[in-house]
Amino acid sequence: MSEPRVRRAEIAIEQTHVDRVYTRLAELRTQAEAMRAKGYELGHGAQREAVFEQASMLFERDMMVYHANQQLQTLDAEYEGLVFGRLDQTSGEAVYVGRLGIRDAEFDNLVTDWRAPAAAAFYQATAEEPMDVVRRRVIRCSGQTVLDVDDDVLMAEAVPDDMRIVGEGALMAALGRARGEKMRDIVATIQREQDEVIRAPWRGVTEITGGPGTGKTAVALHRAAYLLYRHRRQLGGAGVLVVGPSGVFTNYISRVLPAMGETNVELRALGEVLDGAEGTHQDPARLAAIKGSLRMRKILLRGLRDTPPDVPTEMRIVYKGQVLKLTAKELEKVRRKVHVQGGPPNRSRVRAAETLLEALADKAEEHAEDRPVDRAELITELGERIDFHRFLVVWWPVLSPAEVLRWLADEPRLARAGKGLLNRDEISALAASFADRSRGWSVADVALLDELRVLIGPPPKRRRRVQQVELDAAPTQRGSTGTGPQRPEHYDEYSHIVVDEAQDLSPMQWRMVGRRGKYASWTVVGDPVQSSWPDPAEAAQARDQAFGARTARRRYTLRTNYRNSAEIFDLAARVVAGTAAEGELPHAVRTTGLVPEVRTVEPATLDGSVRAAAKELLDAVEGTVGVICAMDRVPEIEGWLAGHTDERLKVVGSLDSKGLEYDAVVLVEPTELITESTTGRRVLYVALTRATQQLTVLASDSDWC
């Protein structure tokens with residue numbers, strides 16, 4: 001039988017099984033809908049029952065409806081491409097692998113969930129270690145239709161005479177498909193080294209390192225789905241948090257976990273970790289380096305302990321006909337005394353009142369001459385006076401993080417806070433940044449706001465709403481992949497935290513994320529070669545503090561670049577050849593024959609060159625085309641391309657391109673990417689490795705290569 005006829009026959013065989021699976025799926029959906037309807041009926045019946053029976057019926061109703069909705073949500077999420085693999089074992093049994101475990105009405109297995117131990121061989125079996133697998137088949141579907149099959153023979157000597165083998169290269173075919181605006185899951189093409197990471201123990205810290213295109217992000221997300229499947233009782237209730245480098249990135253990965261049926265995981269960009277604040281832009285690299293360093297914690301602490309602007313500089317109060325006066329210097333002495341005792345200012349007003357009353361008693365004794373002063377009486381009487389409390393409220397105000405950070409826009413105040421820690425240029429740059437609120441908070445500012453939140457303490461409950469307004473409050477469930485439980489503000493009890501592009505987190509950002517993970521296990525994803533943070537030792541110190549005393553740490557390195565063609569990655573590797581250590585760069589396994597095109601352009605004609613290159617690549621590829629440039633170039637280039645209506649075309653800054661991938665990329669002025677960053681060529685390396693098929697570089701000089 002010819003190859004095409006064999007392929008058609010094998011597709012027909014798999015179609016029969018897939019049809020059976022979807023028929024059963026429809027039955028399960030009907031059962032879930034019936035359970036939900038019955039739950040609602042119980043609720044109506046409860047309204048007519050006695051009170052003591054009503055509560056029980058309503059609880060039963062709620063549980064039935066909840067479980068029915070959960071099942072329907074899972075069935076709907078896993079509908080597309082439900083069956084994607086088959087294992088033919090030496091026992092003669094065929095095990096189908098898919099996104100969801102499904103049994104027929106007699107409880108016979110129709111599909112094994114990809115996360116189940118029985119499915120592990122689909123990813124882990126090799127010709128050297130076949131794990132009793134004779135043939136591994138990848139089944140490619142669209143909806144309920146089987147489009148193609150592709151086989152790997154792992155035990156050639158055990159292949160029975162009637163077993164037909166079809167095709168080759170399922171992974172390469174998948175890698176060559178066009179990219180869309182959202183990351184796809186990789187459940188059908190997970191490789192052995194990736195599967196080992198996904199199934200690693202959940203406790204402690206799991207670090208995943210590897211170069212561009214090694215699948216680090218996809219592996220981390222699939223690990224989250226696997227852990228929730230295997231350890232839902234330990235992890236599901238407290239929740240999983242995924243932290244990414246940017247909003248562009250979290251939007252890009254937002255479809256992966258829902259596609260695997262996990263809809264209650266929170267996705268947050270670094271600028272969105274703090275409830276009530278959002279970082280909307282990136283600071284210039286050198287300014288971000290100042291804001292991200294650990295010295296900022298001491299600066300913030302000094303700043304909040306300084307005299308607040310516009311507070312009274314003198315206190316006058318009458319006691320038994322005598323005017324008691326505290327000067328500005330004396331009031332500052334009282335303020336310092338309160339702060340020296342420690343504790344957050346928003347929880348120290350009672351202590352401030354007591355210390356202020358003691359100072360007034362001292363003042364009364366100064367002027368008493370020979371008349372004794374009853375200190376207890378004075379403190380009691382003044383402590384009950386309305387004029388004393390009016391003064392106290394304005395002299396020791398309730399603070400908000402945003403308010404304190406804005407104080408530091410005043411250069412003299414910032415200079416006092418930064419004495420011995422900041423030089424004059426750094427003070428000027430920081431003060432100017434804090435003063436400019438035209439663009440809102442930066443991503444680096446959010447970590448400072450979170451640090452201040454902890455340092456100043458929560459406001460009294462009656463002021464909590466004021467605090468939220470001050471921080472431009474945002475939903476506490478920002479970035480949730482579904483309709484999970486509403487968590488309290490500043491929630492810090494996550495059971496598992498995934499941090500992507502971890503090499504770029506500043507020490508202050510590690511402190512911020514660490515507060516959310518004090519009870520959590522961690523999955524940390526990064527690549528030192530792609531780092532844009534200038535002081536990795538300081539970041540490592542803050543990272544270790546965030547992990548706490550967890551002793552279980554394991555590290556995995558992914559070494560195969562599946563994203564880039566070898567032709568594209570060879571160019572990127574040359575850019576960092578003098579920066580990367582031996583063995584740090586991955587190996588690209590796919591070739592296309594399409595060498596990156598480097599064009600020398602004149603600055604005056606750059607706009608036309610960008611438009612022309614973008615159009616050429618849009619015509620050449622089916623998927624997305626990214627135009628990557630320096631961060632401050634983005635608005636300008638968006639203007640140049642405003643006439644393009646093709647939604648496949650995206651303009652993105654160098655820092656926001658991290659973690660993304662496109663079928664083709666136009667890289668604009670690579671030297672600008674080097675000079676805008678404190679880590680130089682590392683950022684350019686990231687940008688060059690975003691393309692999967694074609695790359696065009698537009699440069700007005702040759703200094704970058």
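A residue is called buried when its relative accessible area is under 20%, exposed when the value is over 50%, and partly exposed in between, as computed with a 1.4 Å probe on protein chains only. The structure examined here is a predicted model, in which local features need pLDDT of at least 70 and side-chain atom pairs count only at pLDDT 80 or more, whereas totals for chains, interfaces and linings use all residues. Residues are numbered from 1 along each chain as its sequence is written, and side-chain values use heavy atoms, with hydrogens and water left out.

Threonine 214 has a relative accessibility of 0% and therefore counts as buried. This residue lies in the loop between E7 and H6, where helices (H or I, at least four residues) and strands (E, at least two) are DSSP runs numbered from the N terminus. When residues up to four places away in sequence are not counted, the contacts (heavy atoms within 4.5 Å) of threonine 214 are Gln194, Leu558, Arg559, Thr560, Asn561, Tyr562 and Pro586.

Proline 212 is placed in the loop between strand E7 (205–210) and helix H6 (216–230), and with a relative accessible area of 1% proline 212 is buried. Apart from neighbours within four places in sequence, the residues in contact with proline 212 include Asn561, Phe569, Pro586 and Tyr685. According to the unreviewed UniProt entry, the annotation "binding site" covers Gly210, Gly211, Pro212, Gly213, Thr214, Gly215, Lys216 and Thr217; such annotations may be inferred rather than shown by experiment.

The axes of helix H23 (residues 566–575) and helix H27 (residues 681–688) come within 9 Å and cross at roughly 175°, the axes being lines fitted to C-alpha atoms over the stretch in contact, with angles from 0 to 180 degrees between N-to-C directions. H23 is therefore roughly antiparallel to H27, a term used for angles over 145 degrees. In this pairing, Ile568, Phe569, Leu571, Ala572, Ala573 and Val575 of H23 meet Arg681, Leu684, Tyr685 and Leu688 of H27.

Strand E1 (residues 83–89) runs antiparallel to strand E2 (residues 94–98), to which 5 bridges join it.

Methods. Parallel < 35°, antiparallel > 145°, perpendicular 65-115°, else oblique. Pairing = 2+ DSSP bridges.
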